[in-house]
Amino acid sequence: MSEHTYPVIPLDFSLRRAFLLKTFRTAGAVSLTGFLAACGGDGDDTAPVDPKPPVEKFNPFAKFTELQPADANGVMLPKGLSSRIVARSGKAPVSGGSFLWHAAPDGGACYATDDGGWIYVSNAEMTAPLGGVSALKFDKAGKVIDAYPILKSTSGNCAGGPTPWNTWLSCEEFELTQQIAGMVWECDPYHPWSDANPPRAWPALGKYAHEAVCVDPSNRMLYLTEDASGGRIYRYVCDSTDWPAGADRPVKFESGQLQVLRIDALPRDADSSDAAYANLIGFGKTPVSVTWEPVAFPDQGQKNIRDTLRKGGILPPGNYFQKAEGIWFFNGIVFFVTSRNSRIWAYDTAHRTLEVIFDGKLGPAETHSIDEPDNITITSFGEMLVAEDAGNLEIGVLRDDGTSQAVMRLVGHDDSEITGPAVSPDGTRLYFSSQRGTAGKSEEGITFEVLLPTKLVM
């Protein structure tokens, strides 16, 4: 791996937040493949920097109009954007094909193919044997040419995350007992499911109600969220046998250490959203220092372990983050969401500090469109897109000044949620799903494509 340097984040708080919100645009990548490849590096203070000059390309998310009336698909979009439906639950995405698109489509991501096309993967948040992951394959013109499963018979596959080595980490969101709980599965988007070579679960990444995961390749760590009562923010620290020094990717996740985040100024097991701590952590507050504490009994269901420890008079490690959802690593920063209080957080891996960079409960609705944020992604253009779990079912774009603007809204999907936002590697299309469609049923999920403009339309 070549060595690069992370951008120096200002310690002056008056400058810091603006820098964090602008740092998305520093990679210079123009595709997911390029973006992920740029995330290499070596050593504790390395960062993704593309050695080639950035390719100038129109950014459709930088500026756009207010939302227009809903189109025939029930999608409200700015001027110059259009939608189509690419898959429906229980239907074959490819004309004449036998593979049927899964129910309850959830987290997703795009991957470039060698012929100029791409693949969109999507989780199925269903109980076993109906859970898993499916893939839609597109040619370079955007035509769906194939559809196939890449993970079968798992349960509650909610979100997950792409890796720098072009696999998909699918997260199971459930915990039934201390022994039976969700895990993280590593899938190959490029190859359909094979009984002879199935995807692999990595129990060392924890057994709990997983939501999402991201990879810090420079420090050889993974960060994960838990969407459960008392849920934590986790990180998995690879050891040298998991991820050998100088290697572009890990060989396994088995012998590293699983840890949970604790804000130093908060008591162990405290709720980070408690009003008692409002003067300490919140939008506009100084970044707070954190510690990563070892997980107790990492091979067992974590909610059950926490309950057991409390009954024994022992406070579980870490702090509670209410309904922790999407997570993404970029330029030395781990961004994650807490849906219940509509916050987006930034963890600075170099300074080991945490702060709130967006609070949807503050400010007028027209400048803070994101309510109950869920899945997040940072596009190859350097924009953070945030999908709503509820609210008015929008995908919002996070702005440099800490506000947000809706780039899409669904009409008539009142009992559903927006899932799986991802942009095609060529930057021309945005994908997402309505998990339960207009009928409010998992069996009637809909996956959409939005054609993005190539020039400013106002």
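**Strand pairing, cores and cavities**

Strand S20 (373–378) is joined by four bridges to strand S21 (residues 384–388), and the two run antiparallel. The model in which this pairing is found is a predicted one. Within the pair, Ile-376 has Val-386 of S21 as its bridge partner. Both strands belong to an open sheet of five strands, arranged in the order S1-S23-S22-S21-S20 with antiparallel pairing. Strand S1 (75–76) and S20 form the edges of this sheet, each pairing on one side only.

The protein as a whole has 458 residues, of which 59% count as buried. Its secondary structure comprises three helices and 26 strands. Where contacts link residues at least 6 apart in sequence, 57% of them join residues at least 24 apart.

Strand S17 was examined in more detail. All six of the six residues of S17 (residues 333–338) are buried, so the strand is largely enclosed by the rest of the structure. In a regular strand the side chains alternate between the two faces of the sheet. In S17 both faces are covered: one carries Ile-333, Phe-335 and Val-337, the other carries Val-334, Phe-336 and Thr-338, and each of these residues is buried.

With strand S16 (residues 324–330) the pairing is antiparallel and extends over five bridges. Thr-338 of S17 is the bridge partner of Ala-324. The hairpin made by S16 and S17 has two residues between the strands, and in this hairpin Asn-331 adopts a positive phi near 50 degrees. With strand S18 (residues 343–348), S17 is again antiparallel, here through six bridges. Asp-348 in S18 stands opposite Ile-333. Four residues separate S17 from S18 in their hairpin, and Ser-342 in that turn has a positive phi of about 55 degrees.

Further antiparallel pairing involves strand S15. S14 and S15 are joined by five bridges, and Val-290 in S15 is the bridge partner of Ile-263. S15 also pairs with S19 in the antiparallel sense, over two bridges. In this second pairing, Ser-289 stands opposite Thr-353 in S19.

The largest nonpolar core has 25 residues, and those that touch the most other members are Tyr-223, Leu-261, Ile-263, Phe-321 and Leu-354. At least two residues of this core come from each of strand S11 (210–216), strand S12 (221–226), strand S14 (257–263), strand S15 (288–294), S16, S17, S18 and strand S19 (353–359). The surroundings of Tyr-223 illustrate how the core residues are placed. When neighbours within four places in sequence are left aside, Tyr-223 is in contact with Ala-212, Val-213, Cys-214, Asp-216, Tyr-234, Arg-235, Trp-292, Ile-327, Val-334, Tyr-347 and Thr-349. Another core lies apart from the largest one; it has 22 residues, including Ile-395, Leu-410, Val-423 and Phe-432.

Among the helices, H3 (residues 302–311) has four named buried positions: Gln-302, Ile-305, Arg-306 and Leu-309. Viewed down the axis of H3, these buried residues fall within an arc of 100 degrees, so they line one face of the helix. An α-helix has 3.6 residues a turn, so residues three or four places apart point the same way. The cover over the buried residues of H3 includes S12 and strand S13 (233–237). Just after H3, Gly-313 takes a positive phi of about 80 degrees.

Five cavities of 30 Å³ or more were counted, and the largest cavity holds about 130 Å³ of space. The largest cavity is lined by 16 residues, of which Gly-108, Ala-159, Gly-160, Asn-375 and Ile-376 are the closest to its centre. Two or more lining residues are given by each of strand S3 (105–112), strand S7 (157–162), S16, S20 and strand S24 (418–423). S7 provides the largest share of this lining, with four residues.

How values were computed. Residues numbered from 1 in each chain as written. Predicted model: local features only at pLDDT ≥ 70, side-chain atom pairs only at ≥ 80, totals over all residues. Heavy atoms only, no water. Buried < 20%, exposed > 50% of the residue type's maximum accessible area, 1.4 Å probe, protein only. Pairing = 2+ DSSP bridges. Core = buried A, V, L, I, M, F, W, Y, C linked by side-chain atoms within 4.5 Å. Contact = heavy atoms within 4.5 Å. Arc of directions from axis to C-beta. 1 Å grid on protein atoms, 1.4 Å probe; cavity = no way out; pocket = protein on both sides within 12 Å on 5 of 7 lines; lining within 4 Å. Points joined across faces, edges and corners; volume = space filled by probe spheres on them.
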